Amino acid sequence: MRESLVISSGPVGRTLAIAAIIFIVAHALLLIGLTSPEKFVFDEVHYVPAARQMLEPDKPSEVLNPMHPPLAKELIALSIAVFGDSALGWRYPAALFGALAIVAVYLCGLALFEAQQGAVGAALISFFNQMVFVQSRIAMLDIFALAFGLLAIAAFMRGFREISPQRWFALAGIGFGLAAACKWSGLFPLAVSIAIVAIIRLLQGWKTAFADGRASDWYRPDRWPDFGWYHFVTCFVALPALVYVATFVPVHGFSPADLIEAQRRIFADNTTNAIPAHTYMSSWPSWPFLLRPVWYLFDKVDDDHIAAIVFLGNPLVLWPSLLALAACLWDFVRSRNATAFLILAFYFGSYLALALMPRALAFLYYYLPAATILSLAPVQALTREGVPRWVLWAFIALAGIGFVVMLPISAAFVGTSMAMFNRLMLFQSWI
């Protein structure tokens with residue numbers, strides 16, 4: 001732990017208060033102009049009808065959008081039942097879970113850096129990243145999987161540092177199950193957690209020890225002395241599976257045959273390449289460099305003004321964060337730093353898992369989980385010993401400037417002129 005930089009995380013009450021403030025502010029900002037436009041945007045055309053179907057009194061003969069698990073669509077359906085079948089009803093859950101995702105980044109930061117400054121800084125960077133902002137204002141599934149996944153990662157990171165991690169790992173397992181119940185990409189951080197525990201247990205079984213072992217090492221032979229195999233199975237297999245399956249019951253009932261068929265259909269639909277090419281598709285090696293965004297909306301308001309929503313990401317956050325990620329790698333190689341190890345593991349686990357997907361059709365928004373976890377890397381790099389404390393806040397201020405500059409193409413209610421649109425399109429591939 002970097003003693004000169006650590007600000008005590010303080011009592012639980014202060015942590016809850018800060019988390020509540022972050023949630024309230026983020027939630028309020030995400031609600032501004034949420035209902036613009038009052039029509040379907042991008043993949044809302046798939047998910048909103050599926051949510052509407054869940055509100056029908058009779059069980060349908062054919063479930064809409066069977067290629068994804070039901071939880072996120074169930075949450076959208078609940079919102080429609082409460083707020084009505086309108087843009088607010090469709091999108092409110094996304095704004096709610098977007099705010100929860102920012103809180104989850106704060107909790108990840110608190111678990112990693114054991115400092116309020118680093119935790120709050122990570123939350124701000126993730127908000128200014130732009131990706132969470134855009135995805136929190138559209139009725140798609142990704143923000144739900146992200147929020148549950150980040151909350152689970154925060155619990156895992158907290159448990160990682162505990163002598164007895166059972167409680168935290170159990171919470172992580174529940175969160176991973178909920179994330180996977182929104183979208184199967186929620187399984188990636190669960191796989192990372194399983195791999196981390198398995199590697200540590202394997203090294204311990206081999207009686208491995210560093211000659212100059214220290215408390216900050218990612219691996220220690222005395223880590224989790226009372227965490228047994230039955231705890232592992234409960235936390236990372238049984239709990240996620242039970243939570244995941246439970247979310248199918250409102251749609252498919254208790255029929256084992258129907259539940260198994262639902263999983264078969266999800267697998268088949270997500271591994272097929274029999275899908276036509278899309279204008280905004282992109283390949284995974286291009287995502288960290290923001291080579292090809294996804295235009296969710298491009299409407300001409302008049303001859304010189306447009307309403308636009310582009311899923312791109314803030315270059316002033318994501319490009320420098322790649323350098324910070326390299327600094328994390330250096331910290332891990334040089335000093336076996338546990339914080340750097342966890343950032344690297346969850347970033348590359350969330351990102352490179354997509355490279356193994358057999359499905360050819362992919363988009364930049366698949367990078368959302370990895371890009372959000374990447375928000376932790378600048379904090380790790382800019383709060384190391386010898387770096388003035390103001391440097392982190394200068395970076396956050398720069399990120400905020402980039403966020404404001406990109407707002408006209410991130411929120412439809414803001415709008416922009418064609419001249420400003422052309423200035424913001426730095427590369428031909430962004431159009």
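How many disulfides does a search of the whole structure find? The search finds zero, where a disulfide is a pair of cysteine sulfur atoms within 2.5 Å. The structure is a predicted model, in which local features need pLDDT of at least 70 and side-chain atom pairs count only at pLDDT 80 or more, while totals for chains, interfaces and linings use all residues. Residues are numbered from 1 along each chain as its sequence is written, and side-chain values use heavy atoms, with hydrogens and water left out.

For cysteine 182, the closest cysteine sulfur belongs to cysteine 108 and lies 17 Å away, too far for a bond. Cysteine 235 is likewise in no disulfide, the nearest cysteine sulfur being that of cysteine 108, at 17 Å. Cysteine 182 is buried at 0% relative accessibility (buried, under 20% relative accessible area; exposed, over 50%; partly exposed, in between; 1.4 Å probe, protein chains only). Cysteine 235 is also buried, with a relative accessible area of 3%.

Helices (H or I, at least four residues) and strands (E, at least two) are DSSP runs numbered from the N terminus. Helix H12 spans residues 256-271, 16 residues in total. Its first and last C-alpha atoms are 23 Å apart, close to the 22 Å expected at 1.5 Å a residue (1.5 Å times one less than the number of residues).

The buried residues of H12 include Leu259, Ala262, Ile266, Asp269 and Asn270. These residues lie on the same side of H12 because they cover an arc of only 100° around the axis, taken from the directions from the helix axis to the C-beta atoms. Pro256, Ala257, Ile260 and Phe267 are exposed on the face turned away from the buried side of H12. The cover over the buried residues of H12 includes helix H10 (229-246) and helix H11 (249-252), with contact meaning heavy atoms within 4.5 Å.
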